[in-house]
Amino acid sequence: MTQQNVVASKTKSVAQKPQGYIPIPRRRVLKNLEINGGQRINAWVDSMRASSPTRVKSTSSLAEEHSSWILRHPSALDMFEQIMDASKGKQIVMFLDYDGTLSPIVDDPDRAFMSDSMRKTVRKLARYFPTAIVTGRCRDKVYNFVRLAELYYAGSHGMDIQGPTTDPKYNKDKGEAVLFQPASEFVPMIDEVYHQLVEKMKSIPGARVENNKFCVSVHFRCVDEKKWNELAQQVRSVLKEYPKLRLNQGRKVLEIRPSIKWDKGKALEFLLESLGFANCNDVFPVYIGDDKTDEDAFKKLKDRGQGLGILVSKFPKDTTASYSLQEPNEASDGFPSTFGGLETSISQTPSTFPSVIK
């Protein structure tokens, strides 16, 4: 794949727009880390615990909480007909997270393989709709997992976007292949941080450090909770030397990213513009994800007043998504059937989607 920044003709203004740093004065950062270091580490550890709750609730309490949550975020499987009605006559565009959405969450991030049935379903989906994978993973790595050239891939939380290597039939402009990397200048810095963290994490059993090119992920899924404080201290010791980087919290992962105003919601918006749907009233974006980082995309859809977000989770959690699905490993049949049902419905009623069916 080419490594130069090339975008479709309608998106040049987006690509050329300066992506300024979020103001983080170095002196203030160092003061907060060094003087209030204890408080900050405690906050990090509390956040790490919140992303992986261990408290035990009674069965009745769990059932009551889940029932209340489902009323606010009903199952996308149960609401399939309503979703189809809402999208009728509109161009559907699909956005899919990878880990925890297309593949189960696993202890070893290098073995987060998607099933053959899921790959087959996503391939069918892409026949009818422009489809993108939006992930925190390195774009090349997730492409090797998915192995579908007809998709758009937005890696590193949307900081590395690549259009289809096959004919992008959905792009109205038929311009250049989309490749957008708003944080390319950070790659050497991210590489430095990655190597430092690899050394730091050698003292913490179970910790894994992943280089996602434009961000670094420190996985603590297999780390004893008693070692989380030490892990946070080690991450802090590296991060305090890089004031242009920031820390984000995911599901049992600490993520270090460039401090630019870019996230999965911005990536969704950029891809819609690349496809020529920036100001369309008849577009219906659907974003499916499972993690805190996907909330930026859910919120973007809510702000646009278009489409819908679907949260994949078997536990109630705060979300801006409209609908829900169970974890892939808990609903291995139900989740693909949502896509399959969508594809089947459209193939049976092509007149409803004249702009999609070729």
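A residue is called buried when its relative accessible area is under 20%, exposed when that area is over 50%, and partly exposed in between, as computed with a 1.4 Å probe on protein chains only. The model shown is predicted, so local features need pLDDT of at least 70 and side-chain atom pairs count only at pLDDT 80 or more, whereas totals for chains, interfaces and linings use all residues. Residues are numbered from 1 along each chain as its sequence is written, and side-chain values use heavy atoms, with hydrogens and water left out.

View 1. Side chains of opposite charge can pair when their charged atoms come close. A salt bridge is taken here as a side-chain nitrogen of Lys or Arg within 4 Å of a carboxyl oxygen of Asp or Glu, and the structure holds 18 of them. One of these joins R137 to E210, with the closest N and O atoms 2.9 Å apart. This pair links distant parts of the chain, since R137 sits in the loop between strand 2 (131-134) and helix 7 (139-146) while E210 belongs to strand 6 (residues 208-211), 73 residues apart; helices (H or I, at least four residues) and strands (E, at least two) are DSSP runs, numbered from the N terminus. R137 counts as buried because its relative accessibility is 5%, and E210 is likewise buried at 6%. E210 also meets K141 in a salt bridge, at 3.0 Å from N to O, and because E210 lies in strand 6 and K141 in helix 7, the pair ties together parts that are 69 residues apart in sequence. K141 is partly exposed, with a relative accessible area of 24%.

**View 2. The contact between helix 10 and helix 11.** Two packed helices are described by the angle between their axes and the distance between the axes. Axes are lines fitted to C-alpha atoms, for helices over the stretch in contact, and angles run from 0 to 180 degrees between N-to-C directions. The axes of helix 10 and helix 11 come within 6 Å and cross at roughly 55 degrees. Helix 10 is therefore oblique to helix 11, given that angles under 35 degrees count as roughly parallel, over 145 as roughly antiparallel, 65 to 115 as roughly perpendicular and the rest as oblique. The contact, meaning heavy atoms within 4.5 Å, is made by K264, G265, L268, E269 and L272 of helix 10 together with D296, A297, K300, L301 and R304 of helix 11. Two of these residues, E269 and K300, also form a salt bridge at 3.5 Å from N to O, which links helix 10 (residues 264-274) to helix 11 (residues 295-304) across 31 residues. Within that pair, E269 is partly exposed at 30% relative accessible area, whereas K300 is buried at 18%.

View 3. Strands of a sheet pair through backbone hydrogen bonds, either parallel or antiparallel, and two strands are said to pair if DSSP finds at least two bridges between them. Here 4 strands form an open sheet in the order 6-7-9-8, with antiparallel pairing. Strand 6 and strand 8 are the edge strands, each pairing on one side only, and the twist averages 20 degrees from one strand to the next. Helix 8 (residues 187-200) lies across strand 6, strand 7, strand 8 and strand 9, running at about 165 degrees to strand 6. Strand 7 (residues 216-219) pairs with strand 9 over 4 bridges, and V216 has I256 as its bridge partner.

**View 4. The hairpin of strand 8 and strand 9.** Strand 8 and strand 9 (residues 253-258) pair in the antiparallel sense over 6 bridges, with R246 standing opposite R257 in strand 9. The hairpin has 2 residues between its strands, and K252 in the turn has a positive phi of about 55 degrees. Strand 8 is mostly covered, 5 of its 6 residues being buried. G250 lies in strand 8 (residues 245-250) and is buried at 3% relative accessible area. The C-alpha atoms of G250 and S47 are 9.3 Å apart, although the two residues are separated by 203 residues along the chain.

View 5. An open sheet of 8 strands runs in the order 5-4-3-2-1-10-11-12 with mixed pairing, and its edge strands are strand 5 (179-180) and strand 12 (323-325). Strand 11 (residues 308-312) pairs with strand 12 in the parallel sense over 3 bridges, and L311 stands opposite S324 in strand 12.
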